[in-house]
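Please look over the sequence and the model first.

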Amino acid sequence: MAAGGRRRRPLRYPSLAALVEDSQWPFLFLVTDFSYGADDYDGEGNEEQKVPPEGSETMPYIDESPTMSPQLSARSQGGGDGILPTPPEGLGPVVEAGKGLEMRKLVLSGFLASEEIYINQLEALLLASQLGVYKAFVDNYKVALETAEKCSQSNSQFQKISEELKVKAPKDSKESHTSVTMEALLYKPIDRVTRSTLVLHDLLKHTPVDHPDYPLLQDALRISQNFLSSINEDIDPRRTAVTTPKGETRQLVKDGFLVEMAESSRKLRHVFLFTDVLLCAKLKKTSVGKHQQYDCKWYIPLADLVFPSPEESEPSPQVHPFPDHELEDMKMKISALKSEIQKERASKGQSRAIERLKKKMFENEFLLLLNSPTIPFRIHNRNGKSYLFLLSSDYERSEWREAIQKLQKKDLQAFVLSSVELQVLTGSCFKLRTVHNIPVTSNKDDDEAPGLYGFLHVIVHSAKGFKQSANLYCTLEVDSFGYFVSKAKTRVFRDTTEPQWNEEFEIELEGSQSLRILCYEKCYDKTKVNKDNNEIVDKIMGKGQIQLDPQTVQTKNWHMDVIEMNGIKVEFSMKFTSRDMSLKRTPSKKQTGVFGVKISVVTKRERSKVPYIVRQCVEEVEKRGIEEIGIYRISGVATDIQALKAVFDANNKDVLVMLSDMDINAIAGTLKLYFRELPEPLLTDRLYPAFMEGIALSDPAAKENCMMHLLRTLPDPNLITFLFLLEHLKRVAEKEPINKMSLHNLATVFGPTLLRPSEVESKGHLTSASDIWSHDVMAQVQVLLYYLQHPPISFAELKRNTLYFSTDV
């Protein structure tokens with residue numbers, strides 16, 4: 001918001017062609033501020049969401065000042081907005097036309113033009129011949145700035161020189177040299193890392209897949225992204241500071257949206273971590289045209305902030321997890337609204353209708369964001385008051401804890417802010433914040449990548465860099481609907497400094513854009529239990545995140561990578577399979593096995609009512625996996641699952657020994673795989689339309705008659721196996737307080753597996769791959785949930801009962 005109370009007009013990027021041909025705009029530009037036009041929220045979601053007009057492209061603001069150092073730009077701008085020049089007429093359509101190789105040439109020419117300038121700047125810094133020290137330079141950037149500042153203050157001659165350094169101009173320039181300040185010059189390598197990544201993205205986008213440069217560009221982009229993620233957070237150009245009344249610098253280190261438990265309810269807060277204080281705020285409601293401000297809810301000087309140990313923390317009886325079925329209903333509404341918005345756009349519907357739909361979508365996404373987090377993050381003021389946040393991932397909890405503890409290593413003093421000081425500090429939050437919007441999809445640009453839908457195959461190979469032996473394991477997380485979900489966990493590698501897991505996992509993606517890997521040391525001390533959630537706390541040894549770039553990941557071949565985390569290096573490989581490819585039911589050519597073979601054939605051959613594989617897997621899960629957190633949701637190791645599949649297919653006598661030694665998640669995964677690979681679903685292709693119609697009936701009596709009739713219509717082997725599995729899943733759900741698997745969770749895992757039609761039958765039923773929570777998928781979940789919530793169903797009684805509901809199905 002501009003100082004005069006006017007809303008800042010979002011700026012637009014010039015086209016790539018404009019950047020190349022406009023000599024005033026070299027390809028080096030600095031993103032200094034982000035504003036996505038969704039400031040109008042409040043912590044309880046009451047403020048109306050402002051949706052940008054249809055067609056508007058809300059983009060980052062650009063700082064065009066000659067000195068692009070964050071410190072200097074903050075000083076020179078005085079809080080004003082940067083103004084982006086209008087690109088030359090007629091160049092926009094070149095970009096929009098997307099002429100493949102022509103666009104590629106434009107991107108390359110822009111990059112080469114700016115590269116000459118950049119090399120000259122590196123030479124001025126003596127870095128051109130020492131690229132091996134590039135990261136060291138980047139990590140040392142903050143110290144270098146402070147040193148330059150001190151030298152300037154103590155030596156007027158140094159100050160004069162540093163304000164006008166000479167850099168060789170490009171060959172075709174009229175001038176032989178250009179002038180630049182020391183601070184701006186020091187910042188160039190920092191800025192270039194981000195710029196190079198953007199250029200590589202553009203090049204890859206406009207390079208045909210069969211072009212010889214394509215794999216080279218993929219590798220270059222991966223290296224650039226990994227390098228970017230490993231850079232020290234301290235050099236973030238958006239970091240700015242506020243001066244205290246005593247003349248000291250108070251710098252913003254980190255900010256973000258967190259859900260706080262306050263007055264026994266969930267409140268969305270914007271939390272600001274400064275170099276000496278943690279401040280929790282809420283955006284005030286304001287009338288249209290008024291300047292927005294934050295309202296401080298509380299603050300803790302970092303000198304007074306402590307993290308209570310798990311055993312010391314008091315239990316929080318007021319924290320009640322939100323019902324799973326309500327969270328899933330929100331997801332279904334969000335997906336339905338997304339589809340409606342896309343239809344409106346395709347038919348060029350009214351912008352008002354689209355705005356209305358976007359507002360509804362934001363409301364549902366906001367509720368999901370507010371109610372989905374469950375991981376407690378408690379902080380304590382040594383003066384007596386405790387505060388509890390709920391996070392969606394251990395990753396965020398670790399990030400906040402580490403950032404605070406790093407600052408606490410400095411010599412900090414306790415203090416009390418006067419009302420004026422608190423007002424000044426809170427007032428600075430609006431300008432200093434680096435996170436401007438609630439992390440929901442309705443705040444994203446319309447043309448932003450929707451994420452990946454399908455299955456990500458990940459092999460966690462090994463890790464090294466541990467200083468002493470420990471019991472180590474890794475977990476994998478992906479984002480879904482704005483928050484992160486844990487999807488897989490390796491086995492614990494005991495007493496080692498170089499674990500060799502070599503475990504493969506299949507992770508379902510629902511619009512995911514990032515993969516996180518967290519490395520833990522396993523704690524076996526049962527006294528260290530977190531009283532907020534009754535779980536033993538394992539120590540995070542390292543964590544890292546990579547972007548799932550569709551162009552990089554969507555190849556048939558495995559893509560190997562290394563992620564660095566706190567000195568630890570984890571080696572992994574991954575490849576992606578689209579939903580269309582991964583959900584095909586392919587009958588097995590080898591009818592002597594059990595996978596991909598009709599259930600009636602298997603039971604007849606075995607002379608059993610329920611296939612042996614189903615009975616053995618269920619028995620093993622109930623014996624030692626029924627209390628396992630996330631059983632059936634957490635992926636098992638793919639190689640273990642394939643090994644079990646081979647043993648069952650071969651009818652090997654050693655299967656029982658193998659089952660007893662195998663990780664329980666692999667056994668659960670084998671059972672799911674068996675049902676997924678049936679040539680037709682357990683509840684049959686023929687009855688699928690009737691199940692979809694039956695679950696949609698609104699009259700309870702009619703629905704009961706229909707759903708029971710459909711069960712009676714199933715072939716006996718299918719029905720008996722289904723009832724057997726149903727009772728098992730109910731027993732698993734009885735342990736929900738321990739294993740976190742409710743009936744709805746289990747229905748979400750097994751519903752599509754038991755009902756999804758085979759390929760031939762699915763053409764009329766499967767929706768687009770980009771809409772996993774479609775009507776069909778949710779209906780499949782609802783069908784299984786109906787039977788799971790139903791009183792016990794007996795096969796004999798079901799067959800004996802008179803048929804009240806008769807319809808051709």
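The model is a predicted one. Ile634 lies in a loop, Ser398 belongs to helix 12, and helix 20 packs with helix 25.

**Ile634**

- Ile634 sits in the loop that runs between helix 17 (612-624) and helix 18 (638-649).
- Its relative accessibility is 9%, so Ile634 counts as buried, the cut-off for buried being under 20%.
- Setting aside residues up to four places away in sequence, Ile634 touches Ser486, Lys487, Ala488, Lys489, Ile629 and Asn665.
- Lys489, one of these contacts, is 145 residues from Ile634 in sequence, yet the C-alpha atoms of Ile634 and Lys489 are 7.1 Å apart.

**Ser398**

- Ser398 is part of helix 12, which spans residues 394-408.
- With a relative accessible area of 8%, Ser398 is buried.
- Beyond its neighbours within four places in sequence, Ser398 is in contact with Ile540 and Lys543.

**Helix 20 and helix 25**

- Two packed helices are described by the angle between their axes and by the distance between those axes.
- For helix 20 (residues 664-676) and helix 25 (residues 743-755), the angle is about 30° and the axes are 8 Å apart.
- Helix 20 is therefore roughly parallel to helix 25, as angles under 35 degrees count as roughly parallel.
- On the helix 20 side, Lys672, Phe675 and Arg676 meet Val749, Phe750, Thr753 and Leu754 of helix 25.
- The residues of this contact comprise four nonpolar, one polar and two charged.

Note on methods:
Residues are numbered from 1 along each chain as its sequence is written. This is a predicted model: local features need pLDDT of at least 70, side-chain atom pairs count only at pLDDT 80 or more; totals for chains, interfaces and linings use all residues. Side-chain values use heavy atoms; hydrogens and water are left out. Helices (H or I, at least four residues) and strands (E, at least two) are DSSP runs, numbered from the N terminus. Buried means under 20% relative accessible area, exposed over 50%, partly exposed in between (1.4 Å probe, protein chains only). Contact means heavy atoms within 4.5 Å. Axes are lines fitted to C-alpha atoms, for helices over the stretch in contact, and angles run from 0 to 180 degrees between N-to-C directions. Angles under 35 degrees count as roughly parallel, over 145 as roughly antiparallel, 65 to 115 as roughly perpendicular and the rest as oblique. Ala, Val, Leu, Ile, Met, Phe, Trp, Tyr, Cys and Pro count as nonpolar, Asp, Glu, Lys and Arg as charged, and the others, Gly among them, as polar.
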